[in-house]
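Hello,

Please find the structure below, with its sequence. My notes on what was found in it follow.

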Amino acid sequence: MTVEDSGHDEREREDSGHHEREQEPRPDHERQPQPRRFLRSRENRVIGGVCGGLGRYFTVDPIIFRIGAIALVLAGGAGLLLYLAALLLVPSDEGETAGQPALEGRNRGLVIAGVVVLLLVAWPFLVGGGLVVAGILVPLAILVATGVLVWWLVSGEGPAGEGKDVARRAALGIGVLILCGLIALGGAWAAAAGGGTVVAVLVIGAGIAIVAGAFLRPVRWLILPAVTLAISAGAVSAAGIDLDGGVGERDYRPASVSDLRDSYRLGMGQLTVDLRQVDLPAGDTPLTLDLGVGEARLIVPEDVCVATDAQIGIGEVRLFDRDNDGVDVDFLDQPDAAPETSRLLVDADVGVGALHVAHDFDELDYHGARFDNDPDDTLDVNNSACSKARARE
Amino acid sequence: MRASSPDLRSVVAGIAVLALGAVLLLDQTGVIELSFGILAPVACAATGAILLVNGLSRRE
């Protein structure tokens with residue numbers, strides 16, 4: 001027998017005696033203190049109890065970790081990744097008792113390896129780089145977080161429990177998001193194609209069914225699709241999007257006044273009206289531009305004064321050297337002109353997109369350079385044919 | 001025999017959906033001209049009411 005074998009036998013004898021002694025209750029001072037375990041807190045939680053668990057583990061106020069997490073989220077998104085990692089890997093204290101090991105049923109090595117990998121992934125964000133990685137992982141993390149949040153709102157199952165439960169809820173939430181996206185697309189398309197009344201009636205019918213179901217048999221699953229349908233169709237109506245005019249590129253270059261239409265219309269795409277070959281008569285000439293989604297470009301001769309009344313749902317108006325953008329943009333520019341001058345009265349309606357009015361196509365591109373203080377600022381981008389100062393409301 | 005009380009969440013959500021549908025129908029019939037300035041508060045109020053009553057019902 002070797003020395004090692006002899007020692008092994010002695011340890012076995014000691015272990016055997018130890019087991020025998022365990023049959024008797026030990027005094028408190030002999031009990032081994034339970035190791036502190038990092039578990040997500042069920043009681044002290046805002047989202048998943050990660051910061052609450054950290055606060056309990058380090059016996060400090062969890063608000064410190066919450067502030068740190070928010071700061072890391074804003075500083076490159078690392079906080080979001082780390083939080084999701086903790087949400088998936090760290091078990092909740094739900095159903096745990098003091099005597100259970102922290103990672104019972106789990107492979108501690110795998111968990112540690114997962115945390116290390118995630119820290120490596122998060123490292124570029126922590127040091128301020130990783131833009132390429134950020135372009136993939138941050139949207140992915142936001143998608144997962146959104147999925148968890150959506151499922152929380154829909155079912156009431158919050159981000160508690162084991163990692164696989166959280167992952168399942170995230171997947172279900174993403175599924176609900178996709179379904180809502182399809183419903184929103186369908187509602188928006190129907191409203192834009194002239195079926196707004198049908199969508200409104202469908203929404204009202206769903207509302208009646210939900211109220212009636214409250215007294216008979218609740219149909220709560222109908223709430224989210226109905227709200228999604230209503231808001232998407234409402235957004236299309238608010239933006240004034242109308243796809244009746246077709247989809248694609250329309251390029252109109254009338255050669256004379258007789259070729260000039262009163263109105264030009266396009267559902268979605270790029271609408272270009274070039275009036276440089278038209279010799280407009282003195283006085284006012286009305287012109288209507290109606291575009292659902294896209295860019296409307298109006299090119300006018302330099303000797304024509306342009307008076308504009310434009311409504312843009314979401315987007316921008318750029319009229320020579322002036323512009324305005326945002327939501328529900330009402331752009332009114334009604335300058336006066338001398339009696340012998342041609343004045344074009346533009347009435348434009350763009351749902352989502354832009355209205356650009358210029359003297360030539362170069363000017364459209366030149367506009368961006370003008371704000372960059374280009375030293376070659378030689379183009380006349382003003383509505384110079386108008387005789388008086390413009391009034392803007 | 002006492003009749004069972006209606007599901008409060010469904011009642012509030014149904015009324016909110018009905019309000020949204022009514023706004024859409026009024027816009028389609030030309031009674032109002034829907035803009036984001038109108039839609040945004042209406043949509044926020046409707047979804048807020050649904051979420052609020054949903055959260056309060058779960059606490060009970």
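**The largest nonpolar core**

In this predicted model, the largest nonpolar core has 73 residues, and those that touch the most other members are Val203(A), Ala230(A), Leu289(A), Val306(A), Leu355(A), Val17(B) and Leu20(B). Several elements give two or more residues to this core: from chain A, helices H7 (163–215) and H8 (223–239) and strands E2 (263–274), E3 (283–299), E4 (304–319) and E6 (342–358), and from chain B, H1 and H2. H7(A) provides the largest share, 12 residues. Why does this core lie between domain 2 and domain 3 of chain A? Both domain 2 (167–239) and domain 3 (244–370) give residues to the core, so it lies between them.

**Where the chains meet**

Contacts between the chains involve 29 residues of chain B and 30 residues of chain A. On the side of chain B that touches chain A, helix H1 (8–28) and helix H2 (36–59) of chain B each supply at least two residues. H1(B) gives the most, with 16 residues. By type, the residues on this side of chain B are 18 nonpolar, seven polar and four charged.

**The sheet in chain A**

Chain A has an open sheet of six strands with mixed pairing, in the order E1-E2-E3-E6-E4-E5. At its edges stand E1 (247–252) and E5 (322–333) of chain A; each has a single partner strand, so one side of each is left without a neighbour in the sheet. From one strand to the next, the twist averages 15°.

As background, strands of a sheet pair through backbone hydrogen bonds, either parallel or antiparallel. Which way do E4(A) and E6(A) run, and how many bridges join them? They run parallel, and 15 bridges join them. Ile312(A), for example, has Val350(A) in E6(A) as its bridge partner.

**A helix earlier in chain A**

Helix H2 of chain A covers residues 50–58, and its buried residues are Val50(A), Cys51(A), Gly52(A), Gly53(A), Leu54(A) and Arg56(A). After H2(A) comes Thr59(A), which has a positive phi, near 50°.

Regards

Key. Residues numbered from 1 in each chain as written. Chains lettered and ligands numbered in written order. Predicted model: local features only at pLDDT ≥ 70, side-chain atom pairs only at ≥ 80, totals over all residues. Contact = placed C-beta atoms within 7 Å. Helix = DSSP H or I, 4+ residues; strand = E, 2+ residues; numbered from the N terminus. Nonpolar A, V, L, I, M, F, W, Y, C, P; charged D, E, K, R; others polar. Buried ≥ 20, exposed ≤ 12 C-beta atoms within 10 Å, placed from the backbone. Core = buried A, V, L, I, M, F, W, Y, C linked by C-beta atoms within 7 Å. Domains from an automatic or database assignment. Pairing = 2+ DSSP bridges. Axes fitted to C-alpha atoms, helices over the stretch in contact; angles between N-to-C directions.
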